[in-house]
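Thanks for asking me to look this one over.

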Amino acid sequence: MANDHDQLQIPETLPLLPVRDVVIYPYMILPLFVGRTSSINAVNEALNKDRLLFLAAQKDTEEENPTADNIHPIGCVGMIMRMNKLPEDGKIKILVQGLLKGRIKDFKGEHPHFSVSIDRITDDPWEERSLEAEALIRNVKALLERVISMGKVLSPDILVVLDEIADPGRLADLVASNLGLKTQESQSILESTDPIDRLRKVHDALTREIEVLEMQSRIQSQAKDEMSRTQREYFLREQMRAIRSELGDSDSKIEEVEELRSRIVASKMSEDAEREALKQLKRLENMHNDSAEASIIRTYLDWMVEIPWSKSSKDKLDLDDSKRVLDEDHFDLEKIKDRILDHLGVCKLKKSIKGPILCFVGPPGVGKTSLGKSIARAMGRKFIRMSMGGIKDESEIRGHRRTYVGAMPGRVIQGLKIAQTNNPVFVLDEIDKLGSDYRGDPASALLEVLDPEQNNSFRDHYVNLPVDLSNVMFICTANSLDTIPGPLRDRMEVIRLSGYTMEDKLQIAKKFLIPKQRKENGLDEGDVSIGDAAIRLIIQSYTREAGLRNFEREIASICRKVARKKASEEVNFKPRKIGPKQVVQMLGPEKVIPDPLRQEDQVGVVTGLAWTETGGETLIMEASYVPGKGNLNLTGSLGDVMKESAQAAISYVKTQAERLHLPKNFFSENDIHIHFPSGAVPKDGPSAGLAICTALISLVTGIPVSRKVAMTGEITLLGRALPVGGIKEKVLAAVRQDVFELVLPRFNEKDLVDIPKHVRSKLNIHLVEHIDEVLDIGLIRSLESTGSRKKSRPRSGGSRLHTQPPVH
């Protein structure tokens with residue numbers, strides 16, 4: 001029947017069987033599994049008639065119910081040779097043979113199955129004796145034989161049939177049907193009516209198949225070689241173990257080397273680090289256990305495998321939960337909390353981000369270090385603290401080179417090892433107290449650690465390999481920025497923490513300090529309660545400071561005394577309520593006494609405001625004169641800057657001698673002495689000019705200065721008020737001393753935004769531009785009462801801020 005395909009009579013209508021993942025060629029015999037209802041109906045229709053049906057490939061193989069548009073128009077008329085029903089799932093299995101190619105002319109019906117009318121497709125005529133046809137036929141046969149020889153699984157009878165075929169079209173169909181080509185490529189070959197063109201496409205497909213088989217063979221060969229090498233190494237190692245056993249060597253070293261090798265692989269270190277570690281491991285393997293160098297290499301490898309090269313903790317990105325944690329641990333400090341929440345917000349939007357490098361600057365005891373611990377808890381990271389105070393050796397940061405006995409990595413790598421993650425919160429405490437000597441400058445070594453553009457490849461001298469620090473969140477703490485080198489300060493984002501007000505300390509004591517000290521001293525919640533009046537007394541009369549350390553010590557002292565009572569009285573113990581009277585009984589006389597110089601208005605005595613490492617301070621200054629030769633004496637451990645401020649102030653006063661009605665020889669016949677009490681405490685900074693000038697003018701005019709006024713600001717030779725720094729700290733210091741009328745340079749108006757609203761509401765702040773305005777405010781009488789020719793000014797002087805914040 002195969003020889004009579006061309007004379008086969010095709011019925012006008014044939015049932016259509018859409019097929020997936022396969023293209024049927026003439027003379028091709030293959031089994032098909034039929035499961036779709038419409039397809040089963042088409043098979044049954046063919047079996048009931050002449051067993052003929054039309055087989056066409058679907059365009060979309062995923063389509064379960066194809067439409068006419070989803071079926072290729074060119075397919076193959078096939079005959080069902082055998083049919084079996086499968087009992088398991090209701091499907092049927094048929095064996096079909098392709099007879100001839102056809103093109104769908106029209107769809108006659110779609111239910112219960114597709115019915116089509118077709119046109120027979122015949123191949124174009126070809127020149128039987130052409131050289132190209134003969135060459136293609138031979139090449140295709142040779143390539144197919146090579147494909148079979150390379151391991152391609154084909155029908156065993158194909159080579160026998162191949163020798164008998166001389167028709168290029170039939171040869172192309174036979175080879176294409178056995179190659180397992182993709183559906184689109186097979187359909188393209190089927191649709192070609194030129195036998196030579198069809199055979200050429202098959203030739204190209206065979207060539208590609210050979211290239212794929214060669215690559216597959218190469219890959220298998222490489223895998224086999226690798227496996228053979230692994231087996232060979234295993235065999236040799238077993239032999240070495242047997243030899244060592246015969247020589248009396250123990251297995252402990254072998255086990256140690258194997259353990260180190262497995263730990264190196266498990267640590268997932270960088271490619272360069274793993275290469276170096278395996279190199280050192282090989283050296284260790286060939287050394288005697290007792291050699292000194294073996295001990296050095298062993299220690300080095302232990303460090304290498306314990307560094308968290310790729311292990312990181314997962315950040316908590318729930319902003320509400322993070323804010324709750326920060327609020328639980330610290331009162332106020334909104335600016336810092338906002339900065340951390342901003343960082344977490346960016347992390348939530350962008351998965352890969354460099355860790356920020358922050359620097360908290362403020363007085364002792366305001367919570368800089370504990371804030372770092374709270375940030376770590378809020379972010380779900382490990383916390384590492386490294387004290388920088390007194391470090392003078394560069395190797396503390398960069399580590400020692402392995403050539404030295406007892407060498408070890410620097411503190412940064414040690415911190416990562418302790419944290420066991422590569423993204424901890426790393427606090428560099430007291431960075432302003434770094435030293436330097438002949439062993440190097442640690443501050444310069446920190447430039448690489450704290451530079452976001454460089455710390456992704458930080459090179460420790462001991463490890464001698466780049467370590468990525470870009471995921472670490474570095475937080476530095478300092479009391480002052482003045483001692484931090486400029487290049488290092490430039491790499492950090494500075495956030496200032498000022499001291500706490502009375503109300504802040506009251507709330508902190510009630511929410512944090514008292515519960516903490518109760519717990520630490522073994523007391524229950526009801527055993528001791530400290531009233532607000534008692535807390536205020538402790539703040540005002542026992543611990544006047546910017547931070548909380550001494551304040552917490554006094555609370556701890558009270559809790560210890562109550563704990564002692566509870567321990568001695570036991571069953572008879574009654575809860576204690578602590579008021580001001582009990583505070584004095586437990587803590588003794590008040591430790592902070594009012595300054596005697598501020599008890600009354602005095603001539604030549606002015607209250608100034610200063611900013612130190614320990615926060616803001618009020619500073620009393622005195623001026624007097626005695627007969628002499630016109631000398632200026634400055635006492636009180638003053639620095640050069642403050643001495644220059646005094647020189648500028650007295651120069652201004654000399655220019656105003658005529659206005660102040662001073663004798664012509666007053667300054668040449670008298671020595672002026674300016675003194676700052678507490679002479680043992682060094683004092684310096686450009687903020688005392690206005691206060692010194694006011695004290696001098698009070699001195700020479702005899703008009704007392706109001707003790708209720710404090711002032712800060714620098715002065716020029718023309719009497720203008722220049723802005724100064726540390727306004728918030730100075731204002732809080734004045735409030736601690738119960739001074740609520742302040743004189744500030746007008747250019748510092750912008751700094752008042754940082755002062756808490758509840759503090760601003762208590763203050764009477766004067767913003768001034770010239771010393772004349774300061775005098776109108778600070779002196780208890782107008783200069784006009786001395787006969788001065790100065791123009792009349794309002795008594796208030798300057799511009800005042802009472803309860804409202806400055807408007808910008």
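1. Two strands are called paired if DSSP finds at least two bridges between them; helices (H or I, at least four residues) and strands (E, at least two) are DSSP runs, numbered from the N terminus. Please keep in mind that this is a predicted model, in which local features need pLDDT of at least 70 and side-chain atom pairs count only at pLDDT 80 or more, while totals for chains, interfaces and linings use all residues. Residues are numbered from 1 along each chain as its sequence is written, and side-chain values use heavy atoms, with hydrogens and water left out.

2. Let us start with β1, residues 14–19. Two bridges join β1 to β6 (residues 115–120) in the antiparallel sense, with Val-116 of β6 as the bridge partner of Leu-14. On β3 (residues 52–57), four bridges join up with β1, and here the strands run parallel; Leu-17 has Leu-55 of β3 as its bridge partner. Strand β1 is mostly covered, six of its six residues being buried (buried means under 20% relative accessible area, exposed over 50%, and partly exposed in between, with a 1.4 Å probe and protein chains only).

3. Which strands pair with β7? Strand β12 (residues 473–478) is joined to β7 by five bridges and runs parallel to it, with Phe-360 opposite Thr-477. Strand β13 (residues 493–496) also pairs with β7 in the parallel sense, over four bridges, and Leu-358 stands opposite Glu-493 there.

4. Now look at the two sides of β7 (residues 357–361), where five of five residues are buried. In a regular strand the side chains alternate between the two faces of the sheet. In β7, Ile-357, Cys-359 and Val-361 lie on one side, Leu-358 and Phe-360 lie on the other, and all are buried, which leaves both faces covered.

5. A pair of aromatic rings is described by the distance of the centres and the angle of the planes. Rings of Phe, Tyr and Trp (its six-membered ring) pair if their centres lie within 6.5 Å; planes under 30 degrees apart count as stacked, over 60 as edge-to-face and the rest as tilted. By this rule there are five aromatic pairs. One of them joins Phe-426 and Phe-474: with centres 5.6 Å apart and planes at 35°, the pair is tilted. Since Phe-426 belongs to β9 (residues 425–429) and Phe-474 to β12, this contact ties together parts 48 residues apart in sequence. Both Phe-426 and Phe-474 are buried.

6. How are the rings of Tyr-625 and Phe-666 arranged? Their centres are 5.0 Å apart and their planes at 70°, so the pair is edge-to-face. Tyr-625 in β17 (residues 615–627) and Phe-666 in α22 (residues 666–669) are 41 residues apart, so the pair links distant parts of the chain. Tyr-625 is partly exposed at 37% relative accessibility, whereas Phe-666 is buried at 9%. Ring pairs join Tyr-625, Phe-666 and Phe-667 into a cluster.

7. Two charges over rings are worth a look. A charge sits over a ring if NZ of Lys or CZ of Arg is within 6 Å of the ring centre and within 35 degrees of the ring normal. The charged end of Arg-402 is placed over Tyr-300, 3.9 Å from the ring centre. Lys-417 lies over the face of Trp-303, at 4.1 Å from the ring centre.

8. Finally, some backbone details to check. Most residues other than glycine have a negative phi, and most peptide bonds are trans. His-111 and Pro-112 are joined by a cis peptide bond, with omega about 0°; Pro-112 is in the loop between β5 (92–109) and β6. Ser-637 has a positive phi, near 55°, and sits in the loop between β18 (632–635) and α21 (640–655). With a relative accessible area of 36%, Ser-637 is partly exposed. Asp-738 has a phi near 60°, also positive, and is found in the loop between α24 (727–736) and β23 (741–745). At 48% relative accessibility, Asp-738 is partly exposed.
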